[in-house]
Amino acid sequence: MLTNRSKQVVKKEMTWVEKAYLPAIFQGLIITFKHIFKKKATIRYPEQKRPIAPVYRGQHVLKRDESGAERCTACGLCAVACPAEAITMVAAERTKDEVSLYREEKYASVYEINMLRCIFCGLCEEACPKEAIFLTDRIVPSTFERHEFIFGKDILVEPVNERLDVTKRQTPEVLEFKKDKKHKHNLTFLDKVIVKKSRH
Amino acid sequence: MQPLLIKAILVVIIFVITLLVALYATFAERKVSAIMQDRIGPNRAGPFGLLQPLADGVKMFMKEELIPSLSNKWLFIIGPCIALLTSFMTGVVIPWGGSITIGETTFDLQITDLNIGILYLFGVVSMGVYGIMIGGWASNNKFSLIGAIRASSQMISYEIAMGLAIIALVMTTGTLSLKDIVMQQDAGFANIVYQPVGFLIFLICAFAETNRAPFDMPECETELIGGYHTEYSSLKLGFYLFAEYINMFVSSAVIACFYFGGYNFPFQTELQNWLGFSNNVLSILQVLAMFGKVLFFIFFFMWVRWTIPRFRYDQLMTLGWKILLPLALINIFITGIVMYFSGSIN
């Protein structure tokens with residue numbers, strides 16, 4: 001009786017009018033006719049869009065820092081954290097003339113996310129110690145070929161002149177939470193070494 | 001102008017109109033189903049999706065033409081052709097309007113006024129079942145065969161009740177010519193007032209004859225995966241689907257002619273006398289009135305389809321044999337008694 005709409009089912013003999021079936025059909029016709037004038041539920045997708053949450057988890061972005069260098073250091077924590085095993089990367093060492101391109105000495109020469117595997121849980125973002133990967137409110141576009149869903153750095157890294165705003169996903173609470181070392185996933189490799197040492 | 005030439009032009013015009021109406025009926029079906037389910041329906045091809053039938057047609061042409069290797073190839077091809085042919089043939093006897101005078105010649109807006117029009121109509125309609133049966137049999141597929149068997153038994157069952165419903169109408173009108181039936185209704189009441197039960201039986205049987213929901217047992221997407229046209233693809237499937245919509249168009253026209261005054265509209269002679277327009281203008285208005293009625297009934301066919309679920313097979317047979325057939329007989333009987341006492345027969 002939660003909605004007050006439940007009806008007691010009675011199995012009784014149908015009356016003559018009910019057996020004639022036509023009044024019931026007529027009622028049904030009226031019901032369907034009324035639906036002609038009701039508001040349509042359709043959202044005409046490319047023109048209209050369903051409102052999505054400000055912290056919607058859609059297509060990933062690899063952030064650059066203020067000077068335009070890539071933040072990712074290819075530590076692999078995102079790949080480890082990924083429950084769908086959608087992320088792969090190849091690490092490389094930065095040369096002297098690449099200093100402006102990469103923030104730290106190690107960087108990802110290849111960074112791929114398979115969007116067909118990805119479940120958009122956001123664990124990669126949580127695991128990242130460098131604030132390099134974020135999920136954005138962009139919806140991953142559909143294509144016809146499987147291999148087109150493996151997004152490389154060409155798609156994932158944000159363009160220097162078109163920065164993406166991810167501040168909504170970087171609330172102070174989130175930042176605070178990420179600093180809190182009592183959660184195991186916030187520990188970096190160094191932290192773990194320290195923890196191990198302190199135990200001994 | 002030569003009478004033959006006029007007829008030829010009329011045939012072509014009606015052929016094209018039939019095609020157009022059937023084409024847009026497919027579109028209307030999708031639109032009507034959509035708005036009754038609170039959706040919008042096709043709206044991408046052209047303004048309001050009006051070019052959708054063209055896109056569907058192109059799709060039908062472009063699809064791969066499959067003929068099952070174990071099928072009877074000739075019958076497999078003939079089936080849809082018969083279905084389409086018979087559905088086109090039924091439109092011949094329907095009067096679409098009064099007469100039009102150009103110069104010296106006056107011609108009726110009807111391809112041919114057979115004095116046994118109703119008989120012709122029934123003959124052709126019952127030929128239509130061969131298209132479905134041959135197609136279902138030639139496919140060499142059990143679903144197709146079940147669909148074909150259902151179609152034939154359903155059509156035969158409902159043709160009887162339909163014929164008996166019409167007999168009562170023929171008794172009151174005293175003619176088998178559609179033109180005469182329509183002309184009798186040009187003043188006074190339409191036939192539905194005299195034959196309400198007959199109309200109801202005829203309407204229900206028309207649904208069954210055109211294989212429309214709730215009588216779409218031969219197709220039955222959910223249980224027979226398309227029924228008799230399971231194995232069909234491309235243009236031949238298009239023929240079958242098209243035949244269904246043409247049947248719907250023609251049976252709407254027949255219902256309008258038999259029971260709703262055909263091309264006549266209320267107060268037409270008064271309107272003509274009052275405004276004083278010529279017979280040609282009146283005929284054009286009558287054609288519009290006819291098409292208004294036809295389009296309403298096409299809408300009604302769709303409206304019912306998206307309201308009522310499909311009958312179970314035994315319910316279908318019970319309705320046909322145990323309810324409609326006795327009802328039609330009683331209707332004939334009562335019509336006879338009333339006619340006897342009112343003095344129209346002795």
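How many bridges pair S3(A) with S5(A), and in which sense? S3(A) and S5(A) pair over 2 bridges, in the antiparallel sense. This is a predicted model: local features need pLDDT of at least 70, side-chain atom pairs count only at pLDDT 80 or more, and totals for chains, interfaces and linings use all residues. Residues are numbered from 1 along each chain as its sequence is written, while chains are lettered from A and ligands numbered from 1 in the order in which they are written. Helices (H or I, at least four residues) and strands (E, at least two) are DSSP runs, numbered from the N terminus.

**The sheet of chain A**

- An open sheet of 3 strands runs in the order S2-S3-S5 in chain A, with antiparallel pairing. Two strands pair if DSSP finds at least two bridges between them.
- The edge strands of chain A are S2 (87-93) and S5 (150-151), each of which pairs on one side only.
- S2(A) pairs with S3(A) (residues 106-114) over 7 bridges, in the antiparallel sense.
- Opposite A:Ala91 stands A:Ala108 in S3(A).
- Opposite A:Glu93 stands A:Lys106, also in S3(A).
- A:Asn114 has A:Ile150 of S5(A) as its bridge partner.
- In a regular strand, side chains alternate between the two faces of the sheet.

- Two packed helices are described by the angle between their axes and the distance between the axes. Axes are lines fitted to C-alpha atoms, for helices over the stretch in contact, and angles run from 0 to 180 degrees between N-to-C directions.
- Angles under 35 degrees count as roughly parallel, over 145 as roughly antiparallel, 65 to 115 as roughly perpendicular and the rest as oblique.
- A crossing is left-handed if the near helix is turned anticlockwise from the far one by less than a right angle, and right-handed if clockwise.
- Residues are in contact if their C-beta atoms, placed from the backbone, lie within 7 Å.
- In the class counts, Ala, Val, Leu, Ile, Met, Phe, Trp, Tyr, Cys and Pro are nonpolar, Asp, Glu, Lys and Arg are charged, and the others, Gly among them, are polar.

*H8(B) with H13(B)*

- The axes of H8(B) (residues 196-209) and H13(B) (residues 313-342) come within 10 Å and cross at roughly 150 degrees. H8(B) and H13(B) are therefore roughly antiparallel.
- Their crossing is left-handed.
- From H8(B), the residues B:Val197, B:Gly198, B:Ile201, B:Ile204 and B:Cys205 meet B:Leu324, B:Leu327, B:Ala328 and B:Asn331 of H13(B). This contact of H8(B) with H13(B) has 7 nonpolar, 2 polar and no charged residues.

*H5(B) with H13(B)*

- H5(B) (residues 142-173) packs on H13(B) at about 10 degrees, with the axes 9 Å apart. The two helices are therefore roughly parallel.
- H5(B) passes H13(B) in a left-handed crossing. By class, their contact has 18 nonpolar, 7 polar and 1 charged residues.

*H3(B) with H10(B)*

- H3(B) and H10(B) (residues 234-259) pack at about 20 degrees, with their axes 8 Å apart. That makes H3(B) roughly parallel to H10(B).
- The crossing of H3(B) and H10(B) is left-handed.
- H3(B) residues in this contact include B:Pro80, B:Leu84 and B:Phe88. Those of H10(B) include B:Phe239, B:Ala243 and B:Val250. The contact of H3(B) with H10(B) has 11 nonpolar, 2 polar and 1 charged residues.

**Single residues in loops**

- B:Trp96 lies in the loop between H3 (73-89) and S1 (97-102) of chain B. B:Trp96 is buried, with 24 other C-beta atoms within 10 Å. A residue is buried if 20 or more other C-beta atoms lie within 10 Å of its own, exposed if 12 or fewer, and partly exposed in between, with C-beta atoms placed from the backbone.
- Leaving aside its neighbours within four places in sequence, B:Trp96 is in contact with B:Leu109, B:Gln110, B:Tyr263, B:Val287 and B:Met290.
- The C-alpha atoms of B:Trp96 and B:Lys179 are separated by 9.4 Å, and these residues are 83 residues apart along the chain.
- B:Asn211 has a positive phi of about 60 degrees although it is not a glycine. B:Asn211 sits in the loop between H8 and H9 (221-224) of chain B. B:Asn211 is buried, with 27 other C-beta atoms within 10 Å.
- A:Glu85 has a positive phi of about 55 degrees and is not a glycine. A:Glu85 sits in the loop between H3 (77-81) and S2 of chain A. A:Glu85 is exposed, with 11 other C-beta atoms within 10 Å.

**Between the chains**

- 9 residues of chain B are in contact with 10 residues of chain A. The chain B side divides into 6 nonpolar, 1 polar and 2 charged residues.

Technical notes: Contact = placed C-beta atoms within 7 Å.
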